[in-house]
Amino acid sequence: MSPTALFLTVFLACAVEAVEALTVVLAAGTGRHWPSALQGAGAALVALAVVVGALGSAVTHLPIGVLRAVVGTLLLLFGLQWLRKSVLRASGWKARRDEAAAFARGVAAAEQVPAERRGKVADWYAFTVAFKGVALEGLEVAFIVATFGGNQHDVPVAVLGAVAAAVVVGAAGFAIRAPLSRVPENAVKFVVGTLLTAFGLFWSAEGVQVDWPGSDAALLVLVPGVALLALAYAWVLRRGAWVGPR
Amino acid sequence: MRRLRAFGRFWYDFVIGDDWRIACWVVPALGATAGLAAAGVNAWWLPPLAVAGALAHSLHRAVKSTRGPG
């Protein structure tokens, strides 16, 4: 995997999660108290940086066979979950995520709770909502950064991809002060799911002592192969071929 | 105890996700691949087959449960 491919993979994975985290922070800021929401988001980013630092350094110290088997299996499981969700959404069997509706729900929920000051935080509810939103959406990205970066022995490039995505999405969101409902989240999730599945497949099999035909060039078949498989499943589900028409 | 359960639930959701059946395909397939490799068989084709089966099975279950019984 080239540094450019590593950067783009992490950028896309982080961008799609950042769009969802941004919606939560915007709802907490708009519906409650901006400084507390930003404090919560900032605290979560610091916590995620600590996770990436700890995990990244642990990952680079593992024997390569163990690393590939464990990390590859986890990436494969993540990737298949992302692909499953995006295939169901693309074929109309699951509702697409609506950032505008999620934002409206977040603001409505925020307005119900009374304000409570804790220490330097003026509105504890806004702080915790923003913290949880960023931390939970970001944890998967932190794992992807640490494992992709660690496997490629290039954690800094992976971190750069994640930070660039967070900055781009954050800047766009705060410029328009509205959720980024026009980002094609499902398409990005499909691409990232494909990459996670293909790389997870490749590394996990190598970790259990498989020699891929063509060595690293096998990825040139695995990535489009996984994408075509998922597209074919989406096509079959759209036609209702497995369960009859809706 | 409740916190411990919540902690376990969080990690289960994080790693296994919406459908545990995917892990039930992937993990045994990788175990079998490792066993075959130890016996001198380079079963590179087994994990991709398991992935195709896992995704098909999970999607089929999801669609069937959306439609409900019958």
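Predicted model: local features only at pLDDT ≥ 70, side-chain atom pairs only at ≥ 80, totals over all residues.
The buried residues of helix α8 of chain A are A:Leu222, A:Val226, A:Ala230, A:Tyr233, A:Ala234 and A:Leu237; a residue counts as buried if 20 or more other C-beta atoms, placed from the backbone, lie within 10 Å of its own, as exposed if 12 or fewer do, and as partly exposed in between. Seen down the axis of α8(A), these buried residues fall within an arc of 105°, so they line one face of the helix. The arc is that of the directions from the helix axis to the C-beta atoms. On the face turned away from the buried side, α8(A) carries the exposed residues A:Leu220, A:Pro224 and A:Leu228. Helix α8(A) spans residues 219-238, and its 20 residues reach 28 Å from the first C-alpha to the last, close to the 28 Å expected at 1.5 Å a residue (the expected span is 1.5 Å times one less than the number of residues). Just after α8(A), A:Gly240 takes a positive phi of about 70°.

Residues are numbered from 1 along each chain as its sequence is written, and chains are lettered from A and ligands numbered from 1 in the order in which they are written. Helices (H or I, at least four residues) and strands (E, at least two) are DSSP runs, numbered from the N terminus.

Helix α6(A), residues 155-176, has 22 residues and reaches 32 Å from its first C-alpha to its last, close to the 32 Å expected at 1.5 Å a residue. Its buried residues include A:Val155, A:Ala158, A:Gly161, A:Ala162 and A:Val169. The buried residues pack against α1 (3-31), α2 (34-61) and α5 (124-151) of chain A, a contact being a pair of residues whose C-beta atoms, placed from the backbone, lie within 7 Å.

Next comes the nonpolar core, a set of buried Ala, Val, Leu, Ile, Met, Phe, Trp, Tyr and Cys residues joined through C-beta atoms within 7 Å. The largest such core has 89 residues, and those with the most contacts inside it are A:Val10, A:Cys14, A:Val25, A:Ala130 and A:Val145. Helix α1(A) gives the most to this core, with 16 residues. Leaving aside its neighbours within four places in sequence, A:Cys14 is in contact with A:Val141, A:Gly161, A:Ala162, A:Ala165 and A:Ala166.

Chain B has three helices and zero strands. Its radius of gyration is 16 Å, whereas a compact globule of 70 residues would have one near 11 Å (taken over C-alpha atoms, with a globule rule of 2.2 Å times the number of residues to the power 0.38). Of the 70 residues of chain B, 21% count as buried. The unreviewed UniProt entry places a "transmembrane region" at residues 20-45 of chain B; this span is 73% helix and 0% strand.

The contact between the chains takes 27 residues from chain A and 31 residues from chain B. On the chain A side, α3 (64-90), α7 (185-207) and α8 each supply at least two residues. The largest share of that side, 10 residues, comes from α3(A).

Note on methods: UniProt positions renumbered as here; feature names shortened; annotations may be inferred. Contact = placed C-beta atoms within 7 Å.
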